Amino acid sequence: MLLLPLLRRTLPGVGLRWQHRAAVEVTNEPVLEFKPGSPERQALQKALNDLKDKTEEIPCVVGGEEVWTADVRYQVSPFKHSHKVAKYCYANKDLLNKAINAALAARKEWDLRPVQDRAQIFFKAADILSGPRRAEVLAKTMVGQAKTVIQAEIDAAAELIDFFRFNAKYAVELEQEQPLSVPPSTNSMVYRGLEGFVAAVSPFNFTAIGGNLAGAPALMGNVVLWKPSDTAILSSYTVYRSLLEVGLPPNIIQFVPADGPVFGDTVTASEHFCGLNFTGSVPTFRRLWKQVSENLERYRTFPRLAGECGGKNFHFVHASADVPSVVSGTLRSAFEYGGQKCSACSRLYAPDSLWPRIKGRLLEEHQKIKVGDPVEDFQTFFSAVIDQKSFGRVQKWIKHAEMSPNLSILAGGKCDDTIGYFIQPCIIETRDPKDPIMQEEIFGPVLTVYVYPEKQYQDVLRLIDSTSPYSLTGAVFAQDKTVVAEARKLLRNAAGNFYINDKSTGSVVAQQPFGGSRASGTNDKPGSRQYILRWTSPLAIKETHKPLGDWKYPYMQ
C-alpha cells in the first residue's frame with residue numbers, strides 16, 4: 001500500500017491504472033472411493049463389462065475425417081494379452097503432412113478466438129469426464145493400461161479433469177494480467193499461440209498426460225498433432241472424442257498414431273514446426289532435440305521444446321525416521337502401478353540402525369501384495385507391466401540381480417508372461433551403491449536398497465545427488481529438523497519434486513506441479529500457471545491517445 005504514494009511523489013502528475021479482476025474459482029476433483037454398492041462402482045463395472053472381449057476400431061483423424069492406412073496394429077490388454085482391446089493404424093509420412101496442412105489452415109481462426117471461448121471447451125470437457133464419461137475413460141484405462149481402479153481414478157479422472165480445469169483457469173486469468181498503463185498511453189499484452197504447429201508425444205502410463213500434452217497448447221491458441229502411445233490408444237481416443245464432443249473444432253488437434261521415428265522425422269522437417277510437448281524416454285527426446293537443432297535454419301520460429309523423461313527416484317531414510325511411514329510410503333511409491341510411474345521410488349537408502357526393523361516390515365507387508373487382474377479382482381494392488389518389451393527389460397534387471405555378487409534378492413521377482421506380463425514386486429539389497437541398478441531407470445516393480453552406516457548420512461546425501469543422471473522426485477524421511485534442512489540443501493538439485501516424510505509419488509495438479517531437470521527433462525511444471533506460458537508468444541501493445549509532441553527533447557532547447 002506504501003508503493004503507490006511513493007510512486008506518485010517520485011513521478012508527479014503520473015497516474016497508474018490498476019486492474020482488479022475476479023479469479024476463476026476451481027478446486028481439485030474429488031477422488032471417488034468405489035466402495036461396494038456405490039453408484040460409481042456400479043457404473044464402472046457396467047463399463048468394464050461392456051469392454052469384455054471387445055475390440056474398438058480407432059482410426060487416425062486428420063482434417064476432421066477418419067482415415068485408415070494399410071499399417072494396421074492392435075493394442076492388447078497387458079494382463080490378458082490375448083485380448084485385443086483396440087485396432088488402429090499408423091499414419092504414414094504423407095498423412096502426417098496432410099495433418100500438418102489441415103492444422104495450419106485452422107490456426108489463425110483458432111488463435112483469434114477469445115481465450116474465454118477456448119477455456120469454456122476445456123471446462124465442459126472436464127465436466128463430462130467428471131460425469132457421464134468418467135466410467136468409460138476409467139474402464140478403458142484399466143483394461144488397456146492395466147491400472148487398478150484407484151490408479152485409474154487418480155489419473156484418467158481426477159488428474160485429467162484437474163489439468164483441463166486449472167489450465168483453463170490459468171489461461172483466463174493470464175489474459176487479465178496486464179501491464180501498467182501511464183497516461184496518455186494504454187499498454188496491453190496479448191497472449192498469442194505459437195506460429196506454426198505443436199507436436200505432442202504422449203506416454204502410456206498416464207491417460208491424463210496425453211490429454212494435457214495435446215490439450216494445453218490447444219487451449220492457448222495452438223494447433224496440435226497428437227501422437228498417442230501405442231499402448232494407450234484406447235483411453236487416448238476417448239479423451240480426444242470427449243474434446244470434440246464439447247465443441248473443440250475438428251482441425252485443432254489431429255489424432256495421429258504413428259511410428260516414432262516416422263513421426264519425429266516428419267514433424268521436425270516442416271518449416272512450420274514450432275513446438276514439441278513430450279513425455280517419454282531420454283534417448284527419444286535427445287534424438288528429437290538433435291533433429292530440431294539440425295533443422296534449425298529451416299524453421300520460421302525457434303521451436304519450444306518441453307520434455308519429461310523419467311527418473312531414478314530415491315527415498316532417503318534417516319535414523320530419526322518413523323519406520324511405519326517409511327515402509328508404507330516406500331511400498332506404495334515403488335510398486336503402485338508396477339513401478340511404472342515416472343516418480344516411482346526405485347532406490348532406498350536406509351541406516352544400519354533401522355534396517356532390521358524396516359526390512360522386517362517391508363518383507364511382511366510385501367507378502368500381502370496381490371498382483372493380478374484389476375478388472376476381475378478389486379483386491380489387486382497392481383497388475384501386469386505394459387507390454388512384452390517392458391517385461392523383457394525388467395526381467396533382465398532381475399537376472400542381473402541374480403547373477404551379481406553385489407546384489408541379493410530379498411523377495412519377489414518371479415516373472416510369468418503366459419497370460420499377461422506379470423512380474424512379482426522385487427526387493428533387492430545392494431552392497432555397491434553405484435551398481436547400475438542404482439543408476440539406471442528400470443520402470444518396473446523393482447526396489448533396490450542400500451544400507452549405510454548411520455553416522456555417514458551426510459556422505460549418503462551427497463552420494464544420492466551424484467549417483468544417477470536423473471533429477472525427478474525424491475523423498476526424505478526424518479523427524480530431526482536439522483537433518484531435513486541439511487537434506488534440502490545437499491539435495492537441492494537432485495529432484496524437481498521433493499517430499500519430506502511422504503512418498504515420492506502422487507503429485508496433484510496445482511498443489512505439487514510436476515517435473516524435473518538433468519536427464520529428467522526441461523522441468524516446465526505441468527499443473528502450474530507458468531506451464532501454459534510455454535505455449536504462448538506474448539505480444540506487447542502500446543496505444544497512445546493524444547498527438548505526439550515535438551521530436552526535440554527539452555534538454556535541447
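This is a predicted model: local features need pLDDT of at least 70, side-chain atom pairs count only at pLDDT 80 or more; totals for chains, interfaces and linings use all residues.
View 1. The buried residues are Ile233, Leu234, Ser235, Ser236, Tyr237, Thr238, Val239, Tyr240, Ser242 and Leu243.

**View 2. The packing of helix 2 (residues 39-51) with helix 5 (residues 134-145).** The axes of helix 2 and helix 5 lie 8 Å apart, and the two helices pack at an angle of about 55 degrees, which makes helix 2 oblique to helix 5. The crossing is right-handed. Helix 2 contributes Ala43, Leu44, Ala47, Leu48 and Leu51 to the contact, while helix 5 contributes Ala135, Glu136, Leu138, Ala139, Lys140, Met142 and Val143. By class, this contact of helix 2 with helix 5 has ten nonpolar, two charged and no polar residues.

**View 3. The packing of helix 4 (residues 115-130) with helix 6 (residues 149-176).** The axes of helix 4 and helix 6 come within 8 Å and cross at roughly 160 degrees; the two helices are therefore roughly antiparallel to each other. Helix 4 passes helix 6 in a left-handed crossing. Among the residues that make the contact are Phe122, Phe123 and Leu129 of helix 4, together with Leu160, Ile161, Phe164 and Val172 of helix 6. The residues of the contact between helix 4 and helix 6 comprise 13 nonpolar, two polar and four charged.

How values were computed
Residues are numbered from 1 along each chain as its sequence is written. Side-chain values use heavy atoms; hydrogens and water are left out. Buried means under 20% relative accessible area, exposed over 50%, partly exposed in between (1.4 Å probe, protein chains only). Helices (H or I, at least four residues) and strands (E, at least two) are DSSP runs, numbered from the N terminus. Axes are lines fitted to C-alpha atoms, for helices over the stretch in contact, and angles run from 0 to 180 degrees between N-to-C directions. Angles under 35 degrees count as roughly parallel, over 145 as roughly antiparallel, 65 to 115 as roughly perpendicular and the rest as oblique. A crossing is left-handed if the near helix is turned anticlockwise from the far one by less than a right angle, and right-handed if clockwise. Contact means heavy atoms within 4.5 Å. Ala, Val, Leu, Ile, Met, Phe, Trp, Tyr, Cys and Pro count as nonpolar, Asp, Glu, Lys and Arg as charged, and the others, Gly among them, as polar.
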